[in-house]
Amino acid sequence: MKHRLCWVILFLAGQLLAVDAPVKETTNSPATKTNVSASIPAKPSDPLKNFQVKKGFRLEVVASEPQVSNPLAMTFDENGRLFVIEMRERSESGGNRKGLLRILEDNDGDGIFDTSGIYADNLEKPTALICYAGGVFVGTAGEVLYLKDTKGDGAADVRRIIYSGFNDATNRAAGSVSFNGFAWGLDNRIHCTTAGRGGDIVSGNLPKPQSIVLSDGNFSFDPRTFELAVETGSSQSGLCFDNRGRQFVSTGNDSVQMVMYEARYGIRNQFQDMPAALLPIYESKSPLSAGANVLGAPPVNGISKTSSATIYRGSIYGAEYLENIFTAEPAGGLVGREKLRANGLELIPMDNQGFDLVACKDGSFQPRQVINAPDGTLYVADISRETVLTAGNIKTNANAKLTEGHGRIFRILPLSFKQPTLPPLGKAKTAELVKALMYANGWHRDTAARLLYERQDKAAITPLIQLLYDAKTPPLSRMHALHVLDGMHLLVEPHILKSLDDLDDRVREHAVLLSERFLANGGAVTEVLWAQLAKRAADPSPQVRYQLAFTLGQVRHAGRAQVLADLLRCDSGNVWMQAAVMSSLNEGGAEMFGLLVADPGFRNSVSGQDFLRQLLLVIGTKNQPEEVATVLPLLRDIPEAQLSFSLIRVLGDGLQCAKSSLALADGRRILKPVYTRATRLMSDITAAETLRVEAILLLGSTSFAEVGNSLLELIIFSESQAIQSAAITTLGRFADPQIASSLVQRWALLKPRARADALVIMLARPERTQVLLSAIEKRTLPPVEFFSTQVQFLLAHRDQNIQQQAASFFGTDNPASRQQFVAQYTPATQMAGMSAHGRTLFFDRCASCHKLGPDGNSMGLSLAGTAARGKEKLLIQIIDPNLEVSANGKELVVQTKDGETLTGFVAHQNSRSIKLCQSNGMERIVSRSNIQSIQTLNISAMPEGLEAGLNQQDMADLLEYLKAGAAK
């Protein structure tokens, strides 16, 4: 995980090792220890008899009843003790939601726990924990506690509230889980999940209590100073890090999502629309049919909700398993495994068939967490609920009590496993902890780094520097050394300079990140450090270049824009690199535009033009006169007229968001020659169609008086659909009352797609809608084909007259009809499909509002996650989109202050504007200052009836393409 530097926080004043400071103590119930060895029966009644384990591995019970009951979460401390949260009762069944924290110990070193004691009880729904400074942080319902045993009797006598305020009152009353994962990061911070429920977080038991506000994000804190930071994204089922320090979070359906950038980078340029920070890379597997739950079997209907995911960082499974993802999937009774491979900056699955590690057929296996262990294996917490077996699914019985006698903890072992002698890190001296950073097992490296941070022993500096400078040191150890030195305030610029030239790209990446420590106030940088950073623009590693693009946003140097431009030229087609560069252009956008637009190769590439549009939208939205004045002559002088028209229009969109316009910004009429050229080209039938379309769209920034009649003259049968649509879209930008009647008169001349566009602009203003409905009612206009979303919009229109007219036209819908269509097309899910033809159908029916890999609308809703869920699920979503509507896929009605009513879904939004994708696929950027109201309709923005005209083979082809595209 990349180091957090400029925290978006209100931080807390604390003292070193504050967790050991004198506090008011409370005493729990006395520790209860049971010296009961967990045994592994070898008889037919063996509880493992229904398990299947991947070839080359075996499953071993290391703790069971009465040592542990219904384990929910667990963590090892530096002495090999296992802390386990137990869920005692189900809140859904009327339980009191109380849980306890148990501590298990292996006294003879055989890997089987011998003693069990209650470390703390009477905890309000505990769900997450992590060890620190001889104690443990625990996430409960609405609070983070710190528990510690200072008397050595095995029970925590210190119980302190560190933070409170998580979840709102409604969520707490309903028993909602706040926490589902704590993890130690390379940045010497504890990273925590909140299940997206946020809260007003207040510190407790500190001299100067502080607070932060969480919306739906995760957070992190410094366990020494208790400084808080908002983190990227939210997670329902835990988080973890890989060896490189990249963070991964989980939700029920999206088992693993990769965090692509830090929150502080994402909010740095407030005018930018950053792509979603969480990249879904692996979905939960479908549960297998009861009685046929075998490894590698094909999935059936339904999704197994993931309870946790972890990256294997141990040393004994072999290179084939290193940094694979392992998931606990209780509904499917699985511990799943997935290999990943690099795809530029992203990680993608290599294959999702046949990689499960453990499966159980009888439904008794309810794995809740998988963790890396000191012995290099994976440990699995199995809560063992009673289950209900259904055809094709395994569900937890919400009304059942927890199954007695089956709570257990497993470890997954290679067949050749021999119990190692584990180093007692808790008793290790400082120099020995530094050596532990060289261990192959990631658990040891993390634990040693944590202990060094806790101790803050300056004697570590010499061995750390030796480790950093020794070429024989493993690269991951050198990377850890950098962060440990930083956490101990011992990192100096020469360490960074040395590491920027390291042979391993992971070390170079983190050296770039940590170089931010050595920027003076205002971002000034020494010339020697700047020279080293600038060299990294040509680094062979995309990860190093990506981090550099973010880091340069903190730097103030005359050469910054040139280096950012070099990074873009190297990775111009990468959406993440574009986002990183844009994040760093909170200042200097006009200079950057000048460098890039002067490069013919860049400005004439698809990716280059996409970035230039993003940049101009930001420049326009910021509306700084000197920046706008700089880019206007550059836009005028672009030799490619079509590109010039397009970019000027984008600048105008941005200016509108800032309550300005091109006319106001261009008081000197610098762009007049461009408008003159566009006016001439719009009617030139000898010009290229694409050039004419851009010319027509640009003229939307003029007025109806200037170009209205010329636009209406383009709505003739001889003009192409694209020209008609462009003319209609541009007319829609004007409010002249003549537009509606003129379109009705020309309706018979419109091509099919142009009619859809005409409907959008006719429904945008009530006076136009009245003209349209009256024409249909009087039969001066033939019946019009409305999308189902448009019908619903009319039936709920704020104008009562329009609502009544619509009701007389459309009546009510028959919900059963959609189910009938699903049944009609269900055979297509079992038919062989042709992906190439399916792609054609996708572009015809879906691409205007959706994206799938490189195909479709780049600003549309992604189908990657949905398409990975199975053809049956896809079919239902295509034919009956209103059966299950996601929050970001609902139809919105946006009422503007200048009288327009726009419908569609939000493709992107920021604090200043929203980008609305309308039913015809056209995008409208609307300034928040121009929004009077936003209403969310309880329907999908995806209209019903998209299957019309398709036969079963067509549907099979479309489904095949969607599945193939999701797998890329």
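Colleague: Which residue in strand 33 does Leu852 stand opposite?

Modeller: Leu852 stands opposite Asp855 in strand 33. This is a predicted model, in which local features need pLDDT of at least 70, side-chain atom pairs count only at pLDDT 80 or more, and totals for chains, interfaces and linings use all residues. Residues are numbered from 1 along each chain as its sequence is written, and side-chain values use heavy atoms, without hydrogens and water.

Colleague: In what sense do strand 32 and strand 33 pair?

Modeller: Strands are DSSP runs of E with at least two residues, and helices are runs of H or I with at least four, numbered from the N terminus. Two strands pair if DSSP finds at least two bridges between them. Here strand 32 (residues 850-852) and strand 33 pair in the antiparallel sense over two bridges. They belong to an open sheet of three strands, with mixed pairing and the order 33-32-34. Strand 33 (855-856) and strand 34 (861-862) each have a single partner strand, so one side of each lacks a neighbour in the sheet.

Colleague: Which residues of helix 19 are buried?

Modeller: Buried means under 20% relative accessible area, exposed over 50%, and partly exposed in between (1.4 Å probe, protein chains only). In helix 19 (residues 672-682), the buried residues are Val674, Tyr675, Ala678, Leu681 and Met682. They lie on the same side of helix 19, because they cover an arc of only 130° around the axis, taken from the directions from the helix axis to the C-beta atoms.

Colleague: Is Phe717 buried or exposed?

Modeller: Phe717 counts as exposed, because its relative accessibility is 59%. Phe717 is found in the loop between helix 21 (704-712) and helix 22 (721-731).
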